[in-house]
Each structure stands twice: as C-alpha cells, then as structure tokens.
Amino acid sequence: MTPGDFPVWHYSGPMPTKFFESPMSADLVKQGVIPPLEDRVPVPEDRMYSQPPDQIGVYGGVSRLSTTFTFLSEQALSNFGEREADGFTWRPFVGKDWGWSDDGRTLTFQLREGLHWSDGVPFTMDDIEWAWTALKEPRYQPSVPVRWRDPVTDNPVRWDKVDDLNFTLTFDSPVYNIMESRLNRGSICTVNGFCWFTPKHHVSQFMPEVVGQAKVDEMMAADGHEAFSSWWGYRTYDMSRADTPCARIMCVGGVGDENAQGKEIGKLTRNHYSWAFDPEGNQLPYVDGVWMYQNESNEVAVFRKMSGENDQPITYNNNLTNVPLYISNMERGDYSVYRWPSFGGNDAGLAFQQTWNEDPYLGELFRTHEFRQAVSYALDRAAINDTSFLGLGAVQNFVPRPDNPWYPGDEVRDLYTRRSTAQSNSMLDGLGLSARDDEGFRLRPDGDRLTLLFTTNSPQQLQMLELIRQQLEEVGIELGVRNGSNRARQGEQYLSFTASSYNYNPWMLEGGELSPLSGSHSVGQLIGRWYETSGSEGMAPGVADSSYLPLAPSANFPADPSGKLQENAELWLDGRQFPQFSPERAEAGQQIYRNVAEQIWNVPTVAFTGVARGIVFKRNNMRNVPKTHIRDIFGFAGWNYSFEDGQDNLNHPGNRSNLYRSVSFLDSNFFFDDSK
C-alpha cells in the first residue's frame, strides 16, 4: 500500500455555490447570539474544503470518547497546516497557503480573509505579529528550538510582515522542512511553545508588559499559582480553558465537568466561526460536541468501549494482544476495530543509551558495536512477534516501508535480524566475556555477573521483556526488570523501548529516534542536549574524555566512537536544506536510516503492527472514519466524523447502526464492505 492509497480529506473540486450551517448555529443566529453565517466565516475562496471519506455527513449529536484523561489534544487541531492520512502530504489548515522563494530561504504565508476567533473577534495579522514578537521574548520563549534555527549559521528564523494577509519566515540558508514538522505551528503559546498565532485581545490581559506586574501577581495569587510559566499556560492555553478564544474547528467547551457518576469529562463544542466546509457547502463539524470520559484505569476505559460507550476513534489504552477480546465483543457493543500502524519501521526497539556512563564498564559495552550485534543475534523475533504482536509484525531492522522515499534497501532492512545464538556467543566471548558463573551467566572483568536492568511499568512491555529475558539468558546475559518509570531519555537509566512513531519522515521532528537533536533522545541524550542548546549544555564534540570508552576519534562526541550519531545529526541539518522529495533529501534520509540499522543503537524487533496508538475502536454508526491511516490518537480530519442519521448514542440508549455491521481489520473483506 502506497501513500496514494490513503483517503484524502482536502477537497479541491468545484466550489459550492450555496452554504449551510448546523441547526445549532442557526438557532444561535435567530437568538442574536452570533451573526449570520456569511458574516462570521472567510470569503468563499478562502474557506477550507474537506472531503468526507464515506459520505456527506448529517448534523447533530454528541460523540463520546472513553479513556483515562480529559485532554483532547489532536482531536482539536490549530496549526497553520495539517497532514493528510498518509502522513507525508500537508495542506493549509488555519492558514490559507504558503510557498518558498526561489532560493529556499524565505517562506511566504497567507492568511484567510475574514477568519475569526471563536469569540467572534477578527483573526488578523496583529495576532500573528504578537506571537512572533511579544511572545518570543525570553519570559515566554527562553530558547529557540532546533527547527526554528538556521541549519548552517544556527541563527533564529526571522519573521516579517508583508501586508495584512501575508507574512514571511526567512532563514540564512534554504530550509524546506518547516511545514513537514508537526510541532507548534499554531496557538500553543505556553512558555517554550513557540507558537505562530494567538488571540492578542485575550492573552495581553495576562502579560506584565501590558497590565503591570502588580496586576499579574494579584491574578496569580488568586489562581493559586507561584510560577509564572505554569500560570501563563493555565490562563491562556486554549485547550485547557473554555474562556480562551480558539482557532479550531471544535473548541474546548469545558474541562473538569463531572457526569452523574462523578467521572470527569472533557468537552469540545462546535466552533460556529469554523472556516471548514464540505463539498456541498455544509459548515463543519457535523457533530455538535465531543465528550471525553476520564476513567479510573485502562481496564475500565476499555470495558466501556466494549460496552459500546465509545463512539469515535481513539487508539489510546488499546492493547494489540487484546485484539481477539475486542473482536469477540464487537457485535454486542456495535463497534468495529480498525488498525492504524506506524510506518517508520520500529515498533519496539531495545534502545541502549550511548551517553549513559554511571557504570563505565556497562557504558563501554553499550558503545561497542559488537555487543549490540550480539544482543541482536540473541533475539528470537519470530517468537516475540507471535507472542507480543499476534504475528502481525514484519521482522526487520529500523527502516521504513519500501515505498518510502528514504527506504535504504532490502539488504539494510534485514541486517542483524536473523537469530544465531552461536554467533551471539562467539561475539560475546570475543569481548572478553567468556567466563561464566555456576548458573551459566557471563562474568564481567571485575567478577560480577553481567546483568542489565530495565525499568518499566507497562504491562505490554513486561510481557515482551519476559521473552527477551529468556532469550538473553540463552547467551549468558542476565536481564533484570524493575517496576517504575523509565528514565533513559533523561539519561538516568540505560535501557528503554523505542517506537518509530513519526519517524517515517526523518524531518518531521528534531531527528526523532533517528538523529540526536533533542535532550530527550533515547540513545544520544547528552549529544541531543548539545544540539538543542546550541552547545551551551550537554556533551560537546572534539573534547577528549577518557572516561568514555571505547575512545572516540578526536573530532567526535566522546560517547560516539563510530561518529554515526554526529553524522545523522548533520545529515538531518543538511537534508532540511532541500525539498522534501528531492534526490538530495532522499540520499540523506537513506543514509540516516542506513546508519541507524547498521549501528543498531535501537536493537530492532518488529514493525508495522499498530502496537502503539494503532488499534481503533469506533461505533458502527459513526461514519467518515478512515480505515487506512498513519498512527494517531484520534485520527486526522475529525471534523468529518458524523453519526449516520445525526442521532447520537449518548442521548439514545440502545441505539445501533441501521446500515453498517461490525468489522475488524482481520476480516478478509475489511477494505471492501461493511454494510449490513
């Protein structure tokens, strides 16, 4: 399946000639609460048009989500551009359009004429300028993230106003990956949020520069906050407060409300100033609201889903190994089970933190390529796949799908994935670990048993670790498992599981798991911190440190003897200077994946299973939910979701679909027919 096989939400066909609004909106117009439709939305040519994947929707109903939290996150988006379901293609969202200069150094962005905030106040260039100037001061933006710095000079990007509808971002060098990044091109104006726009008329009333420090101190005390950074987010973040104007198709309507059973509910409600329409001119969204129920445990949340108390897609809390249980209950609950896998090629890699050195001997082993190879050869991936992944995974190294432009080749995909305990034992012996104790475990040079410790509180990881423990024991390595929070990304531990998540495009995040460009990197934490802080913190290259063995060449980071972590970081920085699907970017991406696979800092297991945020529950009468999708918590284009007849299940107990049956992704005709 190629990216072209995915449903597309963006509609570019003939523009509607008539436009319509929901009955809820129409009632508010009659009451004089909001202006008529044409007075509250952009001009027709500046509206966003979205194609529902199943059918033109029907207005009405409140959709339910059953989980363990009330933050609705990606269910309500507010970015200048957003992804299609293939994960590669980006479309204008809050913004109207963008384009590059001939030299790739300047991006010009265009606003939608007539756009409004959810409180009816016009969304203007002032809201953009305020975010790029006042909210980039150190109080709000203490540092500039890598993605907003030039890949050559490291200078921050420069914002400029062109006119009332256009602005530019300019770098010293060409930069082409800004609109591929999923991070904060919108209204997340928390401290360190690096947002693009904000409702100036609202947030300015909480700024010391505007209202004075005394007034801010008074408000902070009244709200029970001592730190400005946390209070600022509490007061201004539009996904936490219903009184903060939003530029979303659905806005927060209440967080912390409780239902009759005392369960907390997070609520979204339609934005009557939404700029989105379907091909027939109906203003989106179709549903009136979304309620998210916070349950006391994953088990309770899933039980409620299986009882039919979850309407629209959600992948959080769902366990791949429990899919047979979900399927056995789906007819009773009148729901279907979909799968949205990650296409980055790594669903559970055993990551060795290269910059950890609390025990210098273990640190040296982790930085020794032959040791990581030996661990890889010890793993029985077929058994892991069958036991922990229902046999659905592809046994391979950490590389994306073959249809990915950055796929490095079949020979790289299969590297080090064939099990050979003989080869593993031989390599471990060659590392000076031939001595064993009475139980057959290998001994370190100091006479202690070679023991690795893994910390986790994930039941699914614990199941997988039990298999890995047994397999490593066969080659004389003891694996101990402790219950608790894993802190390998903070540099406090050395083993973790990694997933490819968004790494099907290496340039979507600051290197993701592929290139160490952030201080939370799974295998290069201190190196990532150095890049993240422009060299002011973390581990610097070219500085000798004999405590890190094996000794790295003088130009390398001390914890990077191969130099490949540094090479991947530089490839990421160099690659962003070329268009997404250019030959130069393809070459850089393939080399990044090649280095990851050859160095196996993340010892691979399987890929493409849907294990992390990939198993989907949805009620059968909830339509316009893509069957094919890149992994996501709630799914892209949620504004298209609609009850088949506008009648929800919250207010109509016992309601079932009249047209559609329960299907699962394991059905042979899953993609072809789900009608009754």
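This is a predicted model: local features need pLDDT of at least 70, side-chain atom pairs count only at pLDDT 80 or more; totals for chains, interfaces and linings use all residues.
How many residues apart in helix α7 are Phe-228 and Trp-232? They are 4 residues apart, which puts about one helical turn between them, in a helix covering residues 228-236. Residues are numbered from 1 along each chain as its sequence is written, and side-chain values use heavy atoms, with hydrogens and water left out.

Helices here are DSSP runs of H or I with at least four residues, strands are runs of E with at least two, and both are numbered from the N terminus.

Let's stay with the rings. Ring centres of Phe, Tyr and Trp (its six-membered ring) must lie within 6.5 Å to pair; planes under 30 degrees apart are stacked, over 60 edge-to-face, and the rest tilted. The whole structure has 54 aromatic pairs. Phe-228 and Trp-232 are a stacked one, at 5.9 Å centre to centre with 25° between the planes. Buried means under 20% relative accessible area, exposed over 50%, and partly exposed in between, with a 1.4 Å probe and protein chains only. Phe-228 is buried at 13%, and Trp-232 is buried at 0%.

Now compare Tyr-531 and Phe-557: their centres are 5.8 Å apart and the planes stand at 50°, so this pair is tilted. Tyr-531 sits in helix α16 and Phe-557 in the loop between α16 and α17, so the pair links distant parts of the chain, 26 residues apart. Tyr-531 is buried at 8% relative accessibility, and Phe-557 is buried at 0%.

There is also an aromatic cluster whose members include Trp-132, Phe-167 and Trp-196. Over the ring of Trp-132 sits the charged end of Lys-136, 4.9 Å from the ring centre. For that label, NZ of Lys or CZ of Arg must be within 6 Å of the ring centre and within 35 degrees of the ring normal. Arg-241 does likewise over Tyr-234, at 4.7 Å.

On to the cores. A nonpolar core is a set of buried Ala, Val, Leu, Ile, Met, Phe, Trp, Tyr and Cys residues joined through side-chain atoms within 4.5 Å. The largest has 78 residues, and Phe-167, Trp-196 and Trp-639 are among those with the most contacts inside it. Elements such as β6 (106-110), α3 (125-132) and α18 (583-599) each supply at least two of its residues. Apart from that core lies another of 73 residues, including Met-622 and Phe-670.

Finally, charges. With a salt bridge defined as a side-chain nitrogen of Lys or Arg within 4 Å of a carboxyl oxygen of Asp or Glu, the whole structure has 39. In helix α15 (residues 459-473), Arg-469 and Glu-473 are 4 residues apart, and their closest N and O atoms are 3.1 Å apart. Arg-469 is partly exposed at 26%, and Glu-473 is partly exposed at 38%.

Asp-674 lies in the segment after β23 (642-643) and Arg-623 in strand β22 (residues 622-623), so the pair ties together parts 51 residues apart in sequence. These two also belong to a salt-bridge network with Asp-54 and Lys-627.
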